[in-house]
Protein chains: 2
Amino acid sequence: MLRMIRRHPLAEQAAEELLRRIGDGEWALGAKLPGETTLAAQLGVGRSTIREAVRELAGRRVLESRQGAGVFVIALQPAEDWDKVLRKADITDVLEGRLAIETEGARLAALRRTPADLKNFRYTLADRKRAAANAPDDWYIEADLAFHRAVVTAAHNAVLTELFDTFVPRIRRAMIDMLKLDEEYRHRHDQAAHEAIADAIRAKDPELAAGRAREHLSAVRSSVS
Amino acid sequence: MLRMIRRHPLAEQAAEELLRRIGDGEWALGAKLPGETTLAAQLGVGRSTIREAVRELAGRRVLESRQGAGVFVIALQPAEDWDKVLRKADITDVLEGRLAIETEGARLAALRRTPADLKNFRYTLADRKRAAANAPDDWYIEADLAFHRAVVTAAHNAVLTELFDTFVPRIRRAMIDMLKLDEEYRHRHDQAAHEAIADAIRAKDPELAAGRAREHLSAVRSSVS
DNA sequence: CCGTATCAACTCCTCAGACAAGCTGACAAC
DNA sequence: GTTGTCAGCTTGTCTGAGGAGTTGATACGG
């Protein structure tokens, strides 16, 4: 039997406590924390436990320890973990975010695509066509995502590409669920719509490319709500 | 004299080494690492040093240790730190990402804005007008960002809002640099363009709102390149 | 008065050893 | 086959010791 309730080790509890105190304003940004021995006495744990707690928060870029000087606050809260944000968010919200990224990506791709990008389109589209016909679900999903990624990379914008990659795990999971619930799902966003997006980018027509990307992704979004 | 090269503690070096090995595929996702004593002998450090390295990677959500069972790989690489990504990225790439988010935000806002959102527009626009006239640079920047945030929040999409907030620190820094270099900068994206966006959202015209947002942000983007 | 050198007290860093707590697989009993 | 037990592994925690780096006060020389 799996134990659902997981008792946290002391070091993790100590890290949570420190995080809470930082959030409560006990130590301002850039402030120095009390020494290890002091903190250990305050929290009623050993020194090595405090060290591990500090090390964990250092990994999360909240604390920074400098030998001889002390431990300092370098952020008042951990950086947003985007994986977590997307996991918790409504899938419709996620798909609207994806639509924003990919529509703009298609528009810029139409302006900046290189011959290598076009070659990439041909490969990923052919792959997707094969997968849609007779491959298992997960192959089809990967092939579909590969084409969409090719579109975004053709925009030659590192931020857009990184954004897309951040969204991929969440989108992949949603597609898996989709295909389980609805076996006809794959027929609904057909190959033709994808070819059309690639054609518009090839033709260097930004408005058409953006429009077709928007149309396709709106359909995807509508199909889940 | 400041020491520019910062010698990393052994624990951090050990964490880097483990991260490298994970990236090299020495341990797959879900695999169990050798025991602490074994690792300590392999890397030639003490056991508590290994423990701190593991704890740091646990903080970064790469490893997870379970008492009695072992240490396991739960991610092959640390989650992207978006602050860092945006800091390193070209400002033009960042502004194009912002354009994607905010254009879609304006479009959805025109469909979903509530009376409270409209009130928010009135307040932030009035504030921005005052700040543009006679406030210090940082006030003006905050007022400008507050209005843009109001537009995105009116889309009522948690992912878009979160994305915008992620971009804010980087955009703020860019605006500060802008105002230093060019004292006339604030006159170039004038109040009228902002009022026009709000008007289109108030009129429930998604295409107009998106178009005006795009136009304004394109101008901002062009002004820096 | 100002700049510099010294140094003591403080900090974190690392190691080693001991024991507690928890998990896992093998093996015996039923 | 199922269950119970347990030995041997794992990580968790504490303590004590010494090393290494930083900082600020203090004394010294100009």
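Student: How many residues does H3(A) have, and what span is expected for it at 1.5 Å a residue?

Tutor: Compare the end-to-end reach of a helix with the expected value. In this predicted model, H3(A) has 13 residues. From its first C-alpha to its last, H3(A) reaches 18 Å, close to the 18 Å expected at 1.5 Å a residue.

Student: Which residue follows H3(A), and what is its phi?

Tutor: A:Arg61 follows H3(A), and its phi is positive, near 65°.

Student: How many of the residues of H3(A) are buried?

Tutor: A residue is counted as buried if 20 or more other C-beta atoms lie within 10 Å of its own. In H3(A), 11 of the 13 residues are buried, so this helix is largely enclosed by the rest of the structure. Among them are A:Thr49, A:Ile50, A:Val54 and A:Leu57. Charged residues can be on such a list too: A:Arg51, A:Glu52, A:Arg55 and A:Glu56 are buried in H3(A).

Student: What do the buried residues of H3(A) pack against?

Tutor: Partners can come from either chain. Within chain A they are H1, helix H2 (36-43), strand S1 (63-66) and strand S2 (70-73). From chain B, helix H1 (10-23) and H3 take part.

Student: Where does B:Leu18 lie, and is it buried or exposed?

Tutor: B:Leu18 lies in helix H1 of chain B. It is buried, with 24 other C-beta atoms within 10 Å. Leaving aside neighbours within four places in sequence, B:Leu18 is in contact with B:Ala53 and B:Leu57. The C-alpha atoms of B:Leu18 and B:Ala58 are separated by 12 Å, and these two residues are 40 residues apart along the chain.

Student: How many residues of chain A are in contact with chain B?

Tutor: Count the residues on each side. Here 35 residues of chain A are in contact with 35 residues of chain B. Helix H3 (47-59), helix H4 (82-88), helix H5 (91-112) and helix H8 (158-181) of chain A each give two or more residues to this side. H5(A) gives the most, with 9 residues. By class, the side of chain A that touches chain B has 17 nonpolar, 6 polar and 12 charged residues.

Student: What rotation superposes chain A on chain B?

Tutor: A rotation of 180° with 0.5 Å of shift along its axis does so, with an RMSD of 0.5 Å. That is the relation of a two-fold axis.

Student: Which residues are closest to DNA strand D?

Tutor: DNA strand D is surrounded by 22 residues, and the closest are A:Leu10, A:Gly46, A:Thr49, A:Gly68 and B:Gly35. H3(A) gives the most to this surface, with 3 residues. The surface near DNA strand D has 6 nonpolar, 11 polar and 5 charged residues.

Student: How many residues surround DNA strand C?

Tutor: There are 20, and the closest are B:Pro9, B:Leu10, B:Gly46, B:Thr49 and B:Gly68. S2 of chain A, together with H1 and H3 of chain B, are the elements giving two or more residues to that surface.

Student: Where is confidence lowest and highest among the elements of chain A?

Tutor: Begin with the average: the mean pLDDT of chain A is 91, and 93% of its residues reach 70 or more. Confidence is lowest in helix H9 (residues 185-188) of chain A, at a mean of 59, and highest in H5(A), at 98. Over residues 1-5 of chain A the pLDDT is below 50, and beyond near neighbours in sequence this stretch has 0 contacts in the model.

Notes. Residues numbered from 1 in each chain as written. Chains lettered and ligands numbered in written order. Predicted model: local features only at pLDDT ≥ 70, side-chain atom pairs only at ≥ 80, totals over all residues. Contact = placed C-beta atoms within 7 Å. Helix = DSSP H or I, 4+ residues; strand = E, 2+ residues; numbered from the N terminus. Least-squares fit on C-alpha atoms with pLDDT ≥ 70 in both. Near = placed C-beta within 6 Å. Expected span 1.5 Å × (residues − 1). Buried ≥ 20, exposed ≤ 12 C-beta atoms within 10 Å, placed from the backbone. pLDDT = per-residue confidence, 0-100.
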